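Let's go through this one together, question by question. Have the sequence and the model open while you read.

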Amino acid sequence: MTTTQLPSRRPAAPAPDGTTPAAARRKRPRHLREQLSGWGMIAPAAVLLLAFVFLPAILGFGLAFTNARLISPRPVEFVGTDNFARLFTDPTFWRALLNVSYFAVVVVPVQSGLALAMALLINKKFRGVNFFRTLYFLPVVTSMVVVSLLWLFMYRKDGLINELLSTFSFGLIPGADWLNDPATAMPAIIALSIWQAAGFHMIIWLAGLQSISGELYEAAQLDGASRWHQFRYVTWPGLKHTRTLVLVTITIQALGLFDQVSVMTQGGPLDSTTTIIYEAVRSGFKQQETSYASAISLVFFVLVLLISAVQRYLTREKD
Amino acid sequence: MNKRFTRILATSIAAAALMGSLAACGKGSASATSEGGNEITMWTHNAGNPDELAAIKSVVDSYNKSGAAKAQIKVQAFPQESYNDSVVSAAAAGKLPCIVDIDGPNVPNWAWAKYLTPLKLSVDLSKNLPSTVAKWEGETYAVGYYDVALAMFARASDLKAAGIRAATVEKPWTKEEFQDALTKLKALGKWQYPLDMGTAGTGEWLPYAYSPLLQSFGGDLVNRDGFQTADGALNSDKAVEWAAWFRGLADQGFMAKKSGKDSTQDFLNNKSGIVYTGSWAADKARKALGKDLAVMPSVDLGNGPKIGGASWQWGVTSGCKNSEAAMDYLSYSLKPENIAAVAKATGTIPATDEAAALLPAFAEGGDNRVFMELSRQQAVMRPETPAYPFIATEYGKAVQDILAGADPKTVLDKAVKAIDANIKSNGGYKN
């Protein structure tokens, strides 16, 4: 969008001496036209967003206070906060909340750390760097459903992971029944999620790293800074904005955990991998309780909003 | 100036084109189901099953070409995974086709939601397999061409080697015999798990496969007297006994808590001694094992062996403008040769004896005749209540939790509580 606008803007930039009344009059309609073309360009995306994101979201908030069902001949009635009362006394919901927190608390630091390490490794000039970049990025372009199906086989009791474990430990580690044991199911899902998504954040980190001026490193080297000091005092401060972006996107992505769970464990064993979104989909579609699912979604929306707001506040520009 | 103007114009045209194409999409799917003139639409779930779809299409073709056709039938096929969603969204938009197919246990739910209208057919359904006729509140809402039957498969040679008698329809295994058989088969040392109950299954498989075991113990999914509560049925002592027994099969190392993806294939690859599957797998197994295949009925766990009844069936929607033609087509399609053709294509049990007589495998003395007897003698319908889809999800989750080691009584009580709350919040699912 910016590239198409640039040529139109250049003549519009007034010369220092162009402050005559005639020039001002010429500027106004031009400004209007620019605004018009701006709105025109936003329109397709805005209309689609409005129709398929905002409207359903607002309808969903309304439905949360009714007893609407997916299939029912009965009229929809307003039931106040009944759905929320039921939600907050449902142990499965609290378990889902706990699972999601567990997932986010592990995934956010580990995934962003791993992505940064990968970005540092490939932010160098050497033969075959593009090969490694592609390799690290490959899982990202693979659909999560496909990845989950593949790992489903790898995590089986006689699957690849246990075979590797027993081979390299000379049979000392028998290996777990990863996805069917409440203690290991969530860690297994965490590992696969990090593997799949880290490449995406690696690219964001890489963009951040490449925006840091090389002169800063040269100056640091002249001052005799060690590699660690270069990272600590040049790279890390230079990644301030990237850091915020990575933090917020990984957190939201982690809170919305669904695909892996739906494909691999269906929330089990014993609710150890169920998540808020999974519960919403289960009640909304499988159990036909549209209103209850809407209530779950509303709670989830508020939760994400709060967490993002806190993160924005903590990472704000202090000056 | 001019250039800028063209740019704005181009943007607006692009936007208009996008909106236009969106609108066209909407219109396209709407007109697909609109029934102009003398044509009515029929939806089926079997886009992913070419054999079944071809059989249905040939029935439709022969009806369309017959001089007596009251309307031309147009078939639209959906993949099974998205079929129910398509019907529900079409119903919400008021765009249901005239004829739909339905998974049997969902019929009361859709009848209650007023998607379906009672059938008025010119054929007598009283001789059809009871599980192929879906009734709710005294009315018939759907009818099927076929059913399927659960059974256990084993190799006769394995049973002989372990010194076990093969179970028969007349004399099925009792709980003790089953325990004894599994112990002996495990002692052969041929398999890690002698039994494969298909525990990796999800969705409708869980209530379809395991609620008959619960019913054989004397429990049930819901109290069938009025269908107002699951209390005393799903959490009864008998139900807790069932749960403990089922979990025990895994604890004793007889079966895996989560079996392989394809139980039949695992059995044919000799990874298990007994597989709990159904009539749909019989032809494949017989082809691989020949005379060595032993087809056995499910276990008698106290109240006789039970299997689930009802498969896909056909109904007419209440909004259909030409329901007379829809009823006429359904009546026509229930001719023995049509039923036989569909049953042959799907490897399922034909709904009538006349149709069975046309299929060597299902005729008297045929290899698959046993499934017809199983279906007639042992089929228990899944509860005929609009609450069934909800009950099914709660029961499915309970089964998975029980296998994962949760306390049976707690799990079943929780499921009962959820089911009762759901029934209550729907006003008892009364008409």
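**Hairpin, helices and the chain contact**

Q: How many bridges join strand β5 (residues 133–136) of chain B to strand β6 (residues 139–143) of chain B?
A: First, a word on the ground rules: this is a predicted model, where local features need pLDDT of at least 70, side-chain atom pairs count only at pLDDT 80 or more, and totals for chains, interfaces and linings use all residues. Residues are numbered from 1 along each chain as its sequence is written, with chains lettered from A and ligands numbered from 1 in the order in which they are written. Strands are DSSP runs of E with at least two residues, helices are runs of H or I with at least four, both numbered from the N terminus, and strands pair if DSSP finds at least two bridges between them. β5(B) and β6(B) run antiparallel, and the bridges joining them number four.

Q: Which residue in the turn between β5(B) and β6(B) has a positive phi?
A: The two strands form a hairpin with two residues between them. Over on the strands, B:A134 stands opposite B:A142. The turn residue with a positive phi, about 50 degrees, is B:E137.

Q: How many residues of α7(B) are buried?
A: Buried means 20 or more other C-beta atoms within 10 Å of the residue's own, with C-beta atoms placed from the backbone. What covers the buried residues of helix α7 (residues 205–217) of chain B includes β8 (150–155) and α15 (388–403) of chain B. The helix is mostly covered, and the buried count is 12 of its 13 residues.

Q: Where does α7(B) bend?
A: A bend is the angle between axes fitted to the seven residues ending at a residue and the seven starting there. In α7(B) that angle is about 30 degrees, and the proline B:P212 follows within four residues. The bend is at B:S211.

Q: Where is the kink in α4(A)?
A: Helix α4 (residues 91–122) of chain A reaches 46 Å from its first C-alpha to its last. The kink of about 30 degrees comes shortly before the proline A:P109. It lies at A:V107.

Q: Which residues of chain B are in contact with A:G268?
A: Contact means C-beta atoms, placed from the backbone, within 7 Å. A:G268 is in the loop between α12 (259–264) and α13 (276–286) of chain A, and it is buried, with 23 other C-beta atoms within 10 Å. Leaving aside neighbours within four places in sequence, its contacts are A:T273 and, from chain B, B:Q400 and B:A404.

Q: Which helix gives the largest share of the side of chain A that touches chain B?
A: Here 24 residues of chain A are in contact with 26 residues of chain B. The largest share on chain A's side is eight residues, from helix α2 (residues 21–63) of chain A.

How values were computed. Contact = placed C-beta atoms within 7 Å. Expected span 1.5 Å × (residues − 1).
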